[in-house]
Amino acid sequence: MTGRAESPTSQRLSTGVQLILRVLHHFAPHRWTHARLLKWGVTGRTLVIAVPYLWLLLFFLVPFIIVLKIAFSETQIAMPPYQPLVHWVGDKAVNLTLNFGNFLFLLEDNLYWKAFLNSLKVAGISTFFCLLIGYPMAYAIARADSTKRNVLLMMVILPFWTSFLLRVYAWIGILKNNGLINNFLLWTGVIDQPIVMLQTDFAIYVGIVYSYLPFMILPLYSNLEKMDLTLLEAAQDLGCGPFKAFMKITLPLSMPGILAGSMLVFIPAVGEFVIPTLLGGPESLMIGKVLWTEFFNNRDWPVASAVAIALLIFLVVPIVYFQRVQARETGGGVHR
Amino acid sequence: MASGARNDGRFEPWKAPGAEPYIRIDRVTKKFGDFMAVNDVSLKIYKKELFCLLGGSGCGKTTLLRMLAGFEEPTAGKIFIDGVDMAGIPPYERPVNMMFQSYALFPHMTVEQNVAFGLHQDKVPKSEIRQRVTEMLDMVKLGQFGKRKPHQLSGGQRQRVALARALVKRPKLLLLDEPLGALDKKLREHTQFELVNLQEQLGVTFVVVTHDQEEAMTLSTRIGVMNAGEIVQVGTPSEIYEYPNSKFVAEFIGSVNMFEGRLIEDEPGHVRIHCPDLDGNVYVDHGVSSPPGAVVFAAVRPEKIVLSRDKPASADNMAHGIVKEIAYMGDMSTYLVRLDSGKMARVTQPNTWRHADDRITWEEPVYLNWHPSSPVVVSE
Ligand SMILES: Nc1ncnc2c1ncn2[C@@H]1O[C@H](COP(=O)(O)OP(=O)(O)OP(=O)(O)O)[C@@H](O)[C@H]1O
Ligand SMILES: [Mg+2]
């Protein structure tokens, strides 16, 4: 890397900047503010941490509490379509009605269980295929030379610049009976009847794997790219062929990337609604679709909210537990 | 300067007529794009040698070592190990182990697993692996650290794990890239001797890369001095120190006074050099190969110069100056003398007497002189 020559304009600019800096340094408004904040017990560190916490509080916790509230209420035909939890009795007393019926209903009707299990299955299989396809891609990008690497990464991210919905619709065009694939196969004479692909589970898998692949590739890439390549040389030096060196060194060291990618694919895939609705058949049972039906078709907001809360608990609790265990095992992360 | 610590005339396979070298590097060149990292290097290294590659940063030491290990292919030339041409043989099939400059320990494995790794690849039986790993860890004094991960070790301990991992396979040739680079001076000196002991005990051939000339002096049977991708001199530590073949080597190893001059008398038995910086000429009692009139340098080591208050008898090999600086170093003192010509000369004198009242001191006029066998004549 060579230092770049500065043009006269940029030099003048930088003297200007220096002047401003010197003035700022002299009057030091930051120092004054800093001292005042410190007196209140606010340091730069707490501020930096507070911002994301505030964000989460506003856009995650508050909506979550609203949903939780609805889950414990009863339906009514009105707007909004649920009864308030808290109502005033007389002037002073407050009556709190918690309705667990929605959650009990989920247990009674095995539709919800089936939908949930099926969602887990679909998400699991999709995650597996994302890993299978994404790992070699991430590996190839991480090992490509640095000029090509950015182009390749760009190509992974590029689909995000088109609407997700449009991309799923495009798959309809590809998969349908007189779509791209069938027409091509008919034209080459490999088949004489179109293969039914749309509105099958196969289409759901294709859609999910296609849509979520970047979420697998990116964390894997950032993990693989960081890896110290002399470790592979050391393994080879100790008698490992390239494949064995991959299995014994690269793969275990990329475990954090595999886990991060799998979570990023698996979790949203469980609750996926658009893809099964558009690409899957009417009988495809997924929890996201059930939620939609409860909410919009049946207008049963409390049950829909209960489904959402149950989903959250079933996904988040095992994941948090799992991460705890993992953190304990690795002794607080791998250091180099 | 401890020179030739390991070479007292007993182990000199390179002098034996008809001895087969263990490693033969034959006119090897390595280019990265247009850049010559290693330029036409030829070397012969013999069994059980501890050969040091010595040179400044970026002179191609690591590149040469990596070609021996098989991580880089030479652009031109051939490498033979134990008589076998290494062209196209991958690292995992070479009878060579390497200790990396960065150690390259596997972070997800314990110390034991790291050391056992190479043995597992060789399909050594489990019980033997356990025994050899334990033995090796004891040898590098890491017996009780077997269950730790590399990130729980100090730099020196990591370095010893790396050494154990490379040695446990009992390679015939061990390549070490700056093995002691990360250690502090004390641990470094200690480890140097351990390394030499291990090497003699196991009878392994070592090729060690270093940019520390003192380290090279104490460790090696022979040194190959590198500069800008080329080997400029190969020899025992004392040969390199006493008979440097170029100005570069003379200046790179130890400190030296370099007097530029012209050859005015060139006989087979002696030469005389006229040096403008000195009062007399430089008289050397052996012949040199440069033509008369050539510009040469007379290199005189500081410890080979004698300081005196009286004018020396001979008009040659002497100079007059004033002491400007004295550095007391316990066993000896270094004097910086400004010659009448303005050139600074460095002289070291042993502190033989505890109470020397008439010691030469600051700002005192002195004469420098040296024996005709002391100067080494080198050219640019
Ligand atoms: N893969 C590479 N591509 C391009 N140039 C390289 C490569 N590897 C090394 N070089 C160059 O070759 C030269 C020699 O490098 P090398 O690593 O052998 O130096 P070295 O003698 O080991 O130095 P140091 O003492 O700093 O480790 C350097 O100038 C370096 O920039
Ligand atoms: Mg190096």
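1. In what order do the 5 strands of the open sheet in chain B stand? The order is β15-β19-β16-β17-β18, with antiparallel pairing. Strands here are DSSP runs of E of at least two residues, and helices are runs of H or I of at least four, numbered from the N terminus; two strands pair if DSSP finds at least two bridges between them.

2. This is a predicted model: local features need pLDDT of at least 70 and side-chain atom pairs pLDDT 80 or more, while totals for chains, interfaces and linings use all residues. Residues are numbered from 1 along each chain as its sequence is written, chains are lettered from A and ligands numbered from 1 in the order written, and side-chain values use heavy atoms, without hydrogens and water.

3. β15 (305–308) and β18 (344–350) of chain B are the edge strands; each has a single partner strand, so one side of each lacks a neighbour in the sheet. From one strand to the next, the twist averages 45°.

4. β17 (residues 332–339) of chain B pairs with β18(B) over 7 bridges in the antiparallel sense. Within β18(B), B:Pro350 stands opposite B:Met332.

5. In chain A, the axes of α10 (residues 230–237) and α11 (residues 242–253) come within 9 Å and cross at roughly 140°. Axes are lines fitted to C-alpha atoms, for helices over the stretch in contact, with angles from 0 to 180 degrees between N-to-C directions.
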